[in-house]
Amino acid sequence: MIPYGRQHISQQDINAVLQVLQSDFLTQGPAVPAFEHALAGLTGAKDVVAVNSATSALHIACLALGVGPQSRVWTSPISFVASANCALYCGAVVDFVDVELQSGNMDMAALARKLEAAAMCNELPDLVIPVHLAGYSCDMQQLQQLAQSYGFKVIEDASHAVGAEYSGKPVGCCTFSDITVFSFHPVKIITTAEGGAALTNQPPLAEAMRRLRSHGITRDPALMQDAPDGPWYYQQLELGFNYRMTELQGALGLSQSRQLTAFVSKRRELAKRYNRMLAESPLVLPPVEALERSAWHLYIVQLQQPEKRLEVFNALRAAGIGVNVHYIPIHTQPYYQQLGFSAGDFPQAEQFYRGIISLPLYPDLTEAQQNYICEQLVQLL
Ligand SMILES: *Cc1c(COP(=O)(O)O)cnc(C)c1O
């Protein structure tokens, strides 16, 4: 089976992990800070806090921004459930903003309308979490303007968009948001097996997230409420977690980050090739504007006849092609239905979902495999 996504692990990556295994530190050593430093260099973000998953990064990012039981958090229904769950972990109320039909990204016009309505009944969100679907950035300039007008915070869920660009800048630079979150799950752009990071240009947020990742504990006497008893002393200042990344993961991440440019250019090449080969087909293809900017985590096509999706999907799987669907709208999940959402709440997201299929895309996908995928797909349409 050709998978829909797959990591690329080089000998360099293997050596980096082996070296850590033979070193003094398996956790809390120099490798994680080195990886954080590399990510800061690649994105231009001032501070990077690496953690054990993007889900954890989203959680502590919400907490650092003060999200709590009275808060309202809005995100995109076309995402992995973690984009919304992070707000529920904090006891906040979650709502969604409908998406654009072609890209599947949060629709800024829908956001503007929803904000206007929310302002009338005093129910403005405290935080909005846009999701850069497939690695293609949302319209962050527009979002930043709305954030300034209505006074909400912004976390970019850039789990798909490590290595992407927006407005001539690397995604992760945090010019248009308070915090940006990356995922390093193996199907994403670079991997640490499990892992994630929160990036920010605001030192107090970085400090809060560093503490939350490690039990809410500080060893800095300046932050303690009274003088330390001795050199062993630490103080727990708030309720934190163990969300730390291991040194094995940090070393793998650092080694992977050196290949980021190569990975993204290979993904772009393959995406352009899909675009060319499927140009004549009756499929709706990803926006052409994404070609040079997206990190191309996913290549999502849309069938014009959604009633054929299941049949096409099954036939591709039977032909050894590991297609997938990203995503089932979050608000249609049973857990979210219990919270009061129903099918029909976000019609564009539901329409997008009905027609989509994610085709295999990863750096080691060969042109021969890609030709085979396109032939099989076109034949079925
Ligand atoms: C993968 C993903 C996450 C969660 O990432 P983990 O590192 O697996 O926790 C969150 N949001 C989006 C959009 C994702 O694709």
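This is a predicted model: local features need pLDDT of at least 70, side-chain atom pairs count only at pLDDT 80 or more; totals for chains, interfaces and linings use all residues.

Residues are numbered from 1 along each chain as its sequence is written, and side-chain values use heavy atoms, with hydrogens and water left out.

**The whole chain**
- The protein chain has 13 helices and 13 strands; these are DSSP runs, with helices (H or I) of at least four residues and strands (E) of at least two, numbered from the N terminus.
- Along its principal axes, the C-alpha trace spans about 75 × 60 × 35 Å.
- Of the 381 residues, 55% count as buried (under 20% relative accessible area, with a 1.4 Å probe and protein chains only).

**Two helices side by side**
- Two packed helices are described by the angle between their axes and the distance between the axes.
- Helix α1 (residues 11-21) and helix α8 (residues 247-257) have axes that come within 8 Å and cross at roughly 150 degrees; axes are lines fitted to C-alpha atoms over the stretch in contact, and angles run from 0 to 180 degrees between N-to-C directions.
- α1 and α8 are therefore roughly antiparallel to each other (an angle over 145 degrees).

**Who touches whom**
- On the α1 side, Q12, D13, A16, V17, V20 and L21 take part in the contact (heavy atoms within 4.5 Å).
- Their partners in α8 are E247, L248, A251, L252, S255 and Q256.

Technical notes
Angles under 35 degrees count as roughly parallel, over 145 as roughly antiparallel, 65 to 115 as roughly perpendicular and the rest as oblique. Buried means under 20% relative accessible area, exposed over 50%, partly exposed in between (1.4 Å probe, protein chains only).
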